[in-house]
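Welcome to my notebook. I have the structure open and I am jotting down what I look up as I go.

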Amino acid sequence: MTLIQSIKLICFLLILIWGRLGFSQDVLGKEYWQALSENEKVSFITGVYSGFTKSLDIMGHEAKRQRKKDKYWTSPFSLEKSAHDIKEYYSPKIGYDYELITKLLDAFYTNPDNDQIDLIFALHVLILHQEGKVRRANELLLHKQKEYLLGK
């Protein structure tokens, strides 16, 4: 597989993940989350984390493969940016404690101001908070809430 093909595959996977999960607000919002049983919530979070982990693995594997052929090779900016963005959805403090993440999302949706926030975005905000990036998380959340309120 060539570098271009690998980058296209990675981009496709990222678009698929974000397109399927991030942009379907009407399907994967508060109502969807609250309709799930506790086991389904944990399974959902497990699946999301597995997708992010696999994406990072693919990007890392491709970077290693390319470096072996050319010791002066550096990963394209888009690859680095994508990896950085995906890492914002993981908190070493929480690790893979899916039940804790589930409880955090349940608490997030108890606030009526968050009713229209899609599930993946909510996960992003919560993870940023857990990592101590409270200002960034709050700015993202306020921006999203503002978008919703302006649309009414």
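Which helix is serine 82 found in? I looked, and serine 82 is in helix H4, residues 77-87. Helices here are DSSP runs of H or I with at least four residues, numbered from the N terminus.

A note before I go on: this is a predicted model, in which local features need pLDDT of at least 70, side-chain atom pairs count only at pLDDT 80 or more, and totals for chains, interfaces and linings use all residues. Residues are numbered from 1 along each chain as its sequence is written, and side-chain values use heavy atoms, with hydrogens and water left out.

**Entry: serine 82**
I checked its accessibility next. Serine 82 counts as buried because its relative accessibility is 16%; buried means under 20% relative accessible area, exposed over 50% and partly exposed in between, with a 1.4 Å probe and protein chains only. I also looked up methionine 59: C-alpha to C-alpha, it is 8.9 Å from serine 82 in space, and 23 residues away in sequence.

**Entry: H3 and H5**
I turned to helix H3 (residues 38-69), which packs with H5 at an angle of about 110 degrees, their axes 9 Å apart. Axes are lines fitted to C-alpha atoms, for helices over the stretch in contact, and angles run from 0 to 180 degrees between N-to-C directions. H3 and H5 are therefore roughly perpendicular (65 to 115 degrees; under 35 is roughly parallel, over 145 roughly antiparallel, the rest oblique). Among the residues that meet, I found Ile45 and Tyr49 in H3, and Ile101 and Leu105 in H5. Contact means heavy atoms within 4.5 Å.

**Entry: asparagine 114**
Where does asparagine 114 lie? I found it in the loop between helix H5 (98-108) and helix H6 (119-130). Asparagine 114 is buried, with a relative accessible area of 4%. A polar atom of its side chain lies 2.9 Å from the backbone oxygen of phenylalanine 108. Leaving aside neighbours within four places in sequence, I listed the contacts of asparagine 114 as Phe108, Tyr109, Leu141 and Gln145.

**Entry: H6 and H7**
Leu141 came up again here: it is one of the H7 residues that meet H6, and Leu128 is among those on the H6 side. The axes of H6 and helix H7 (residues 134-150) come within 7 Å and cross at roughly 155 degrees. H6 and H7 are therefore roughly antiparallel to each other.

Key: Helix = DSSP H or I, 4+ residues; strand = E, 2+ residues; numbered from the N terminus. Polar contact = N/O pair within 3.5 Å; in protein donor to acceptor, adjacent residues only side chain to side chain.
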